Amino acid sequence: KASLMQATKKARRIHIGNLPANVPLTPPLLKSWVDAVMEQLCLLVKPGEPVIDSFVSGDCKFGFVEMRTVTEANNAMQMSGVMCYGRPVRVGRPVDYVALSLEVLMQC
């Protein structure tokens, strides 16, 4: 399981941009927001919190979250345009995104 998590890490990360500058977002706050939006939009593949790690840039303009599954990372793309404290966020893949091979996908 640990090796599969490592092999899929880049496919489970998402970039969230256009975060509100007037709100001092912390990694735990971003995680809570993404967890809540994923649940509200029915984007979860199983009950519980989909975000397992989060990061917010020093200027709070963007962040990254690591999802627990590849499917939930794919589903998270649907959050683009959702309002976060009055600003529509942009959700996409990080520049280091690597699509998974069919062999790895079959193990997920």
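Trainee: Which residues have the most contacts inside the largest nonpolar core?
Mentor: This is a predicted model, where local features need pLDDT of at least 70 and side-chain atom pairs count only at pLDDT 80 or more, while totals for chains, interfaces and linings use all residues. Residues are numbered from 1 along each chain as its sequence is written, and side-chain values use heavy atoms, leaving out hydrogens and water. A nonpolar core is a set of buried Ala, Val, Leu, Ile, Met, Phe, Trp, Tyr and Cys residues joined through side-chain atoms within 4.5 Å, buried being under 20% relative accessible area with a 1.4 Å probe and protein chains only. The largest one has 22 residues, and those with the most contacts inside it are Ile16, Val34, Met67 and Met79.

Trainee: Which element gives the most to this core?
Mentor: Helices (H or I, at least four residues) and strands (E, at least two) are DSSP runs, numbered from the N terminus. Strand 1 (13–17), helix 2 (27–40), strand 2 (51–56), strand 3 (62–67) and helix 3 (70–76) each supply at least two residues. The most, five residues, come from helix 2.

Trainee: Why is strand 3 largely enclosed by the rest of the structure?
Mentor: Strand 3 is largely enclosed because of its burial count. Of its six residues, the number buried is five.

Definitions and conventions:
Buried < 20%, exposed > 50% of the residue type's maximum accessible area, 1.4 Å probe, protein only.
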